[in-house]
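Hi everyone, thanks for making time this morning. I'd like to walk you through one model, so please have a look at the screen.

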Amino acid sequence: MTREALAAWRQRFTEHEEWRLTEHFFRALFDFGFLSDLAADSFKRVLIGSVGGFIAFGLLMTRAFMVKYAVLLGTGTPERYRRALLGDDMLIIGLPMLLVAFVTLLVSHSLFPDERDFRILGPLPVRRFVVFRAKLTALLMFAGLFTAAAHVSLLPLTLLTSLNPWGEHNVLLRLIAWAIASVAGSAFAVLTITAVVGALVLALSRSRLQSLSTFMRSMVLGLLVVCLPLVSHLPILGGALASRAPWMLFVPPAWFLGFQRTLQGLADAWLVQLGVVGLLATLLATTVVGVTYLVLFRQFERLMLRPAPTSAPWWRADRLSVRSRVAPAFEGAYRFTVKTIGRSQLHQGVLVGLSACGIGLATIFLTSARLTTSATFVPFVLMFACGVGTRAALALPIEYRANWIFQVTEERIARREQLRAVDRIVTLYVIGVPLIAAVPLLWMAYGTNALLPFAVVAAVGLVFVHAVLLDWRRIPFTCSYLPGKRFIGHSALIGVAACVLFTLTSGGFVRLAMVDETQGIVVVASLLLIGYWLRERRLLNWTRTPLMFEDEFPDQTIQLQL
């Protein structure tokens with residue numbers, strides 16, 4: 001084929017309607033709808049940095065496992081090596097599954113054609129079949145991109161675990177079997193999330209329960225994050241898998257490990273059974289996704305364009321309609337924030353997902369430390385995660401181009417009340433959730449003496465709210481957002497260091513308060529005074545400084561706050 005013929009074929013391919021639609025849907029998966037042009041360029045740098053982060057993480061894991069396998073090879077016992085290899089293979093398969101499931105759920109709003117696609121593409125001379133096929137192709141390309149990045153980052157670790165001194169398997173055959181089985185596991189994860197979202201679309205789209213759909217997606221996201229510490233424990237499950245524990249039938253990475261060993265020709269009847277379960281589960285998820293696309297294809301207008309309810313149901317009745325003594329600016333900002341979080345899948349996902357990170361870390365504490373130690377530190381780990389999640393969720397805009405409404409109505413007195421509403425919401429969430437989690441833990445750890453550490457947790461929360469709202473001058477969802485202000489590794493290092501410092505310091509306050517009752521009362525009273533002083537300082541500062549509507553990079557020239 002000549003160069004001219006190749007260029008002509010490429011031009012015909014790229015100008016084909018289906019490719020244009022696929023490209024449009026693929027780009028839309030990276031667009032969350034609130035990024036400006038500058039923010040979009042910054043987001044591209046974040047993605048590039050994420051790929052580098054994946055590779056660095058894979059190399060770091062390889063370095064850590066080198067020590068483990070050096071010890072295993074030094075023992076000279078093949079049976080111990082085989083058990084460790086079973087657990088590590090499950091980890092190598094489970095990490096990409098969790099990653100692609102998480103990414104797929106983040107873009108779940110774009111997995112199926114929606115009302116906007118129908119209204120825009122419906123009048124055009126484009127067949128509906130082409131639209132659905134382009135949407136599905138874009139999803140496969142998107143998932144394939146992250147699947148490839150995850151597997152490339154784990155390739156050095158796979159090579160390390162393939163060096164068997166007893167010659168029990170062929171290295172090349174093992175790599176091929178791992179690639180097939182692990183990609184199949186990632187495909188299962190993508191299809192499962194897509195099937196769950198598809199079932200919600202069919203059951204709840206455009207109905208009165210649409211907010212329930214958003215809430216359920218956020219809950220699934222939280223469950224995925226909580227699964228992270230469970231995946232980190234997979235290496236210790238090699239013995240359970242080797243002993244054929246029945247509950248391993250409910251561990252998806254074990255299914256595809258059985259499939260991998262079957263491809264290698266090293267599987268016994270138990271591993272073959274696990275592989276069959278994995279293939280059947282993948283077939284079931286594929287069927288659900290196919291049926292969802294088929295039903296949407298045939299009955300799109302009835303499902304996606306059903307009329308909205310004319311009145312709110314009783315459980316969503318506006319109970320704040322009674323006249324209250326709060327200022328109108330406070331009430332407006334409070335309602336605007338609460339209702340936006342209640343109906344926005346993106347903001348719910350950020351809030352629930354980051355908070356679930358705290359639950360995941362708390363789970364690790366609870367399973368690896370004594371009860372008294374866990375009760376001392378777990379509430380503050382969860383508090384830190386809730387604080388990060390709250391600030392991130394409130395910082396993301398809905399439609400930043402509409403913030404001119406708030407700019408032209410900004411007043412000094414109203415600004416203080418609007419930001420006081422933000423202070424109220426952050427305080428309730430950042431303190432309330434950890435306190436609810438701390439009640440049973442502190443009671444089991446300290447019994448009737450749990451009241452004092454409970455008060456310390458609440459007092460520390462009042463001080464921590466100031467850290468969450470440090471330099472905060474935004475009405476929620478109205479300021480532009482610039483991702484990637486720092487290198488992703490730098491941001492992660494700062495976050496980990498801040499979490500460790502906050503948790504150790506706050507846990508120290510609890511232990512200090514438990515030494516003596518009088519000393520504990522002094523600690524609580526001091527923290528309450530500091531929290532009150534910081535809150536009054538925040539309110540005074542909000543009265544003096546204007547609102548912020550354009551996000552800035554750290555190295556950007558700071559504008560005068562006049």
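Let's begin with α18 and α20, which are roughly parallel to each other, where roughly parallel means an angle under 35 degrees, roughly antiparallel over 145, roughly perpendicular 65 to 115, and oblique the rest. Before I go on, a word on the source: this is a predicted model, in which local features need pLDDT of at least 70 and side-chain atom pairs count only at pLDDT 80 or more, while totals for chains, interfaces and linings use all residues. Residues are numbered from 1 along each chain as its sequence is written, and side-chain values use heavy atoms, with hydrogens and water left out.

Back to that pair. Helix α18 covers residues 451–468, and its axis runs 8 Å from that of α20 at an angle of about 20°. The axes are lines fitted to C-alpha atoms, for helices over the stretch in contact, with angles from 0 to 180 degrees between N-to-C directions. The crossing of α18 and α20 is left-handed, meaning that the near helix is turned anticlockwise from the far one by less than a right angle; clockwise would be right-handed. Residues making this contact include L452, V456 and V463 of α18, and I521, L528 and R538 of α20; contact here means heavy atoms within 4.5 Å. By class, the α18 and α20 contact has 14 nonpolar, three polar and two charged residues. For the record, Ala, Val, Leu, Ile, Met, Phe, Trp, Tyr, Cys and Pro count as nonpolar, Asp, Glu, Lys and Arg as charged, and the others, Gly among them, as polar.

Now a second pair. At what angle do α14 and α15 pack? The angle is about 165°, again with axes 8 Å apart, for helix α14 (residues 345–368) and helix α15 (residues 371–395). These two are therefore roughly antiparallel to each other, and α14 passes α15 in a right-handed crossing. Among the contact residues are L351, L354 and F365 of α14, with F377, V381 and L382 of α15. This contact of α14 with α15 divides into 17 nonpolar, six polar and no charged residues.

Stepping back to the whole chain, the secondary structure comes to 20 helices and zero strands. Helices (H or I, at least four residues) and strands (E, at least two) are DSSP runs, numbered from the N terminus. Buried residues make up 45% of the 562 residues, with buried meaning under 20% relative accessible area, exposed over 50%, and partly exposed in between (1.4 Å probe, protein chains only). Of the contacts between residues at least 6 apart in sequence, 83% join residues at least 24 apart.

On to charges. Side chains of opposite charge can pair when their charged atoms come close. How many salt bridges does the structure hold? There are twelve, a salt bridge being a side-chain nitrogen of Lys or Arg within 4 Å of a carboxyl oxygen of Asp or Glu.

One of them joins D89 and R174, with the closest N and O atoms 2.8 Å apart. The partners sit 85 residues apart, D89 in helix α4 (residues 78–106) and R174 in helix α7 (residues 171–204). D89 counts as buried at 2% relative accessibility, and R174 counts as buried at 1%.

Another pairs R535 with D423 at 3.6 Å between the closest N and O atoms. Here R535 is in helix α20 (residues 517–544) and D423 in helix α17 (residues 412–446), 112 residues apart. D423 is buried at 3%, whereas R535 is partly exposed at 27%. R535 also meets E536 in a salt bridge of 3.7 Å, N to O. Shared partners join D423, R535, E536 and R538 into one network.

Helix α7 also holds W178, which is buried, with a relative accessible area of 6%. Beyond its neighbours within four places in sequence, W178 contacts residues including I92, H151, L155 and Q260.

Finally, two loop residues. R244 has a positive phi of about 60° although it is not a glycine, and R244 lies between α9 (238–242) and α10 (252–264). F477, in the loop between α18 and α19 (488–515), has a positive phi near 70°. Is each buried or partly exposed? R244 is partly exposed at 44%, while F477 counts as buried at 2%.
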